[in-house]
Each structure stands twice: as structure tokens, then as C-alpha cells.
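Let's take a quick tour of a protein model, with a stop at one residue and then a look at some ring pairs. Have the picture open while you read.

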Amino acid sequence: MSYSVGQVSAFAGVTVRTLHHYDKAGLLSPSERSHAGYRLYSDADLARLQQILFYRELGFPLEEIAAILKDPQANALKQLKARQRQLSDEIARLQQLAEVAERAIEVAQTGVSLTPQERFEVFGEISLDLSYATQAEFKWADSPGHQESMARAAAHTKEDWRRLMGEAAAWRAELLAAFDDGQPGDGERAMDLAEEHRLHISRWFTSCPPDMHRRIADDFAADPRAFALVVPPSQQRPGLAAYLRKAVHANAARHTGGRTASEEDR
């Protein structure tokens, strides 16, 4: 089989101009001609083109590709190993850049105006998963409560964050103690802790009525990324997220006279 420049361009996904360039560079020249004198590519030419495109995809310059194809047994393995090292170095460099961008995006999305060092000092093990922050941003972007929370977070000083996280740590210690002591999730102690958490949100971020608090607790139980905002993984226990959810729901019912969320919506 023989193929015209246009046909090869169409099924190989390269432009005619690129094929002409490969021809002029001596990298790939059509080896056959039609009766009318048009240059045609053979199956062997297509196989060579496939090799060229493979090396181009790996980032090899045309000069190196030409050297490899001239003597593949002598050059291919050596060149591929060298390219692998280059790509690994580039991946590491890009990963570092991605981490820098991630920290910058995290600051913008969480409204926490602290340097990375200050964030470590204040938050310790508590960290925000960027994928969760992005998802929450899309999910709640139009919510007045979310907008207020982001605005208030952005206005917090380093000292505000220290006080906030100090309160959160003290509350977390009480929650863990109640859970470890076997206190029921719908008992008085657990409900009081749920109420403290609700008031903490209202005090530092946005007004948090019982129904909103229930939705937040549902998220804690359903998404480990959300629960890690209140209890870091190193302090978590199996069933703790569900325990907190139960306490929040019981506390919400206590405040609404036992009505469920669906009953409140009616």
C-alpha cells in the first residue's frame, strides 16, 4: 500500500507542513512515487513515522530522533534512559510548583490570611484538603452563609486564629473524652458539646441555626475530608464522626422541640 501526503496527514494526526519539514530534515522522506510523479509513503515509511511521533511525544528533538533511528540498537536504550531521568526531574519540579500553587489557592479559598509558617504554628495537624475546599466553594458559592464565613475568615488576625483554634482544641479534647468514656451520642454531655460547636461556628464564622448544623454534621459523617477539619486523623476513632453527627442531630431536636429537619421545612 502507498499513501499520499494528505492521507498520511489525516490518519497520523500531523499536518502536511510537518511531514514536509520531516522530509526536508532528512528524517522521513516518501520512498515511492505514483504514475503521475507524486511522492507516496509506503508501509515502512509509516512505521518510521510512528517511531518519530513516539519520540516526539517524549520530547526528543529531531536531531536526537534522527540519531536513534540511524542506529536504534546503539542509541535507543541510552537515549530513553536519559530522557526518563529528564522527565523525572521535570515531574519533581512541576510537583513543587503545584504544591506552591496549591498553598496559594488554599489561602485564597479558605480566607486564611497567614503565611505558611504562621498556618503551621496556628493550625498544627488541622489542614484543609484542597479538593474539599474547591468542592465546597462550588457547592456553596451562592450561599450567604458561606460568603459571610469566607469574609469573616479573611478578616481574622493571627491572634484571632490562635484563640479560635485554642477553643477548638479544648472542645475536641472534651469530645474525645465523652466518646472514650462511652457517653451516649444523644446524651446530655454529647448534646452540650454539639451546642458548643454550633456556637463556635456562629461566633467565628457565620450564624449557624440547628438545621445548618445538622447539614454540617452530615458532611462530617459522610466525608473524611470534612471531619478532618475538626478532628485530625491522628486523633480520630472509628465511629467518632457518626457519634458527633448523632449528638448534633439530638441537640438540634432539643432546640426545635423534637422536630426533624423535614418537619421544619414544611
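In which helix is the place of Asp-23? Asp-23 sits in helix 2, which covers residues 16-24. Keep in mind that this is a predicted model.

**Around Asp-23**

- Asp-23 has a relative accessible area of 17%, and since buried means under 20%, Asp-23 counts as buried.
- Its side chain makes a polar contact with the side chain of Ser-29, at 2.7 Å.
- If you skip the neighbours within four places in sequence, Asp-23 is in contact with Leu-28, Ser-29, Pro-30 and Arg-39.

**Aromatic rings**

- How many aromatic pairs does the count come to? The count comes to six, going by rings whose centres lie within 6.5 Å.
- Take Trp-161 and Phe-205: their ring centres are 6.1 Å apart and their planes meet at 50°, so the pair is tilted.
- To picture such a pair, you use the distance of the centres and the angle of the planes.
- Trp-161 lies in helix 9 (residues 158-180), while Phe-205 is in the loop between helix 10 (188-204) and helix 11 (210-222), so the pair ties together parts that are 44 residues apart in sequence.
- Are these two buried or exposed? Trp-161 is buried, at 3% relative accessibility, and Phe-205 is buried too, with a relative accessible area of 17%.
- Elsewhere in the chain, Phe-54, Tyr-55 and Phe-60 form one aromatic cluster.

Technical notes. Residues numbered from 1 in each chain as written. Predicted model: local features only at pLDDT ≥ 70, side-chain atom pairs only at ≥ 80, totals over all residues. Heavy atoms only, no water. Helix = DSSP H or I, 4+ residues; strand = E, 2+ residues; numbered from the N terminus. Buried < 20%, exposed > 50% of the residue type's maximum accessible area, 1.4 Å probe, protein only. Polar contact = N/O pair within 3.5 Å; in protein donor to acceptor, adjacent residues only side chain to side chain. Contact = heavy atoms within 4.5 Å. Phe/Tyr/Trp six-rings, centres within 6.5 Å; stacked < 30°, edge-to-face > 60°.
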